[in-house]
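Please look over the sequence and the model below before reading on. The report that comes after them is written for a reader who is new to this structure.

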Amino acid sequence: MPVRVALIGTGNAGRLALRQLIEDPRFELTAVGVSTAEKAGLDAAALAGLDSPTGVEAIDVTGADGLDTVLASRPDCVVYCAMGDTRPVEAFDDVRRILAAGIDVVGSAPGTLQFPWGVMPAKAIAKLEATARDNDASIFITGVDPGFANDLIPFAFAGTCQRIEQIRCMEIADYATYDGATVMFDVMGFGKPIDETPMLFLPGVLGLAWGTTIRQLAAGLGVEVDEIDESHESFPAPDDFEIAAGRIAKGTRAAVRFEIIGRSAGRPAIVIEHVTRLREDLCPEWAQPAQPGGCYRVEITGEPNYRIDICPTSERGDHNHAAIVAAAGRIVNAIPAVVDGPAGIRTTLDLPLVTGRYSG
């Protein structure tokens with residue numbers, strides 16, 4: 001019997017998750033929630049880029065009763081892909097309301113719920129866990145980075161090591177084709193003056209955003225992280241050029257590199273590094289991807305040593321599109337395990353092995 005699933009959020013990740021929910025026979029789509037008036041009333045298939053109508057029309061969830069209308073469709077699980085980067089409190093409140101209705105949640109936001117211990121206030125974690133426990137519901141939040149590229153993949157290879165001194169997880173990518181203006185301009189500060197501090201580089205934000213990864217890897221590896229350090233640097237555009245999200249003017253931010261370091265007894269035990277360019281010719285001295293456009297890389301120093309390059313590609317788009325497809329696939333494929341599992345906050349550490357389905 002198919003799992004009844006509703007989806008909230010049809011942005012970059014949500015629309016790709018929606019496509020799989022429609023096409024995968026393991027699931028029955030009950031409702032779709034959107035946050036823009038022009039999408040309300042559209043068939044789910046149109047939002048997912050499919051031809052055959054589903055009969056499920058999008059519901060505007062920005063109103064007072066929008067979320068209640070979605071929950072009234074009686075899903076077993078809600079896939080929550082609404083924006084969480086710029087509205088973390090609202091996203092937290094949304095998923096708590098869903099759990100309070102006795103409905104499981106799998107999604108991409110709020111990102112801090114990937115592994116909240118040591119990252120979020122203990123009171124907030126306790127409130128969410130109590131809601132989930134009291135209503136026999138569970139929640140699993142994931143993505144690519146933070147997500148499977150720096151928890152599932154490192155854990156799989158760490159399981160073959162006799163000794164581990166450091167794990168470094170990297171994203172090395174050209175974001176020129178990433179069509180997400182809020183993330184690109186407001187969060188990361190591309191196209192803004194170099195001396196203007198974007199949301200991502202405000203003190204503590206990097207540690208908060210990737211603290212989930214640091215803490216989860218530490219928990220799985222049995223290492224005590226004493227402190228988390230952050231560093232970042234930016235590079236200006238040498239001239240004017242266009243990207244998918246808009247215009248980058250000469251002298252504004254066009255490349256960034258940052259690190260989040262989890263230290264144990266003063267030593268860098270877990271390191272997250274991002275190298276993000278808007279043109280491949282910028283900052284050639286920074287780390288280069290294993291394939292044109294971008295890759296994810298895991299480096300394990302120990303016995304044995306490893307360098308693992310994850311190179312996503314897609315028949316429907318470039319490396320950026322492929323990475324979002326991967327995030328959506330990880331979310332949707334986890335639904336059966338989350339629905340069948342115990343109540344509470346679920347993480348990669350306690351979820352069973354999740355695989356995709358053969359489609360011939």
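Predicted model: local features only at pLDDT ≥ 70, side-chain atom pairs only at ≥ 80, totals over all residues.

Residues are numbered from 1 along each chain as its sequence is written, and side-chain values use heavy atoms, with hydrogens and water left out.

A nonpolar core is here a set of buried Ala, Val, Leu, Ile, Met, Phe, Trp, Tyr and Cys residues joined through side-chain atoms within 4.5 Å, where buried means under 20% relative accessible area with a 1.4 Å probe and protein chains only. The largest such core has 89 residues, and the members that touch the most others are Leu21, Val32, Val79, Met184, Ile248 and Ile335. Its largest share, 6 residues, comes from helix H9 (residues 319–333), helices being DSSP runs of H or I with at least four residues, numbered from the N terminus. Because domain 1 and domain 2 both give residues to this core, it lies between them. Apart from it lies another core, of 28 residues, including Phe92, Ile125, Leu128 and Ile139.

How do helices H1 and H9 cross, and at roughly what angle? The axes of H1 (residues 12–23) and H9, which are lines fitted to C-alpha atoms over the stretch in contact, come within 8 Å and cross at roughly 55°, on a scale from 0 to 180 degrees between N-to-C directions. Among the H1 residues that meet H9 are Leu16 and Leu21, and among their counterparts in H9 are Ile324 and Val332.

Valine 256 is found in strand E11 (residues 253–264), a strand being a DSSP run of E with at least two residues. With 0% relative accessibility, valine 256 counts as buried. Although valine 256 and threonine 276 are 20 residues apart in sequence, their C-alpha atoms are 5.3 Å apart in space. Not counting residues up to four places away in sequence, valine 256 touches Met188, Phe190, Phe201 and Trp286, among others.

Methods:
Buried < 20%, exposed > 50% of the residue type's maximum accessible area, 1.4 Å probe, protein only. Domains from an automatic or database assignment. Contact = heavy atoms within 4.5 Å.
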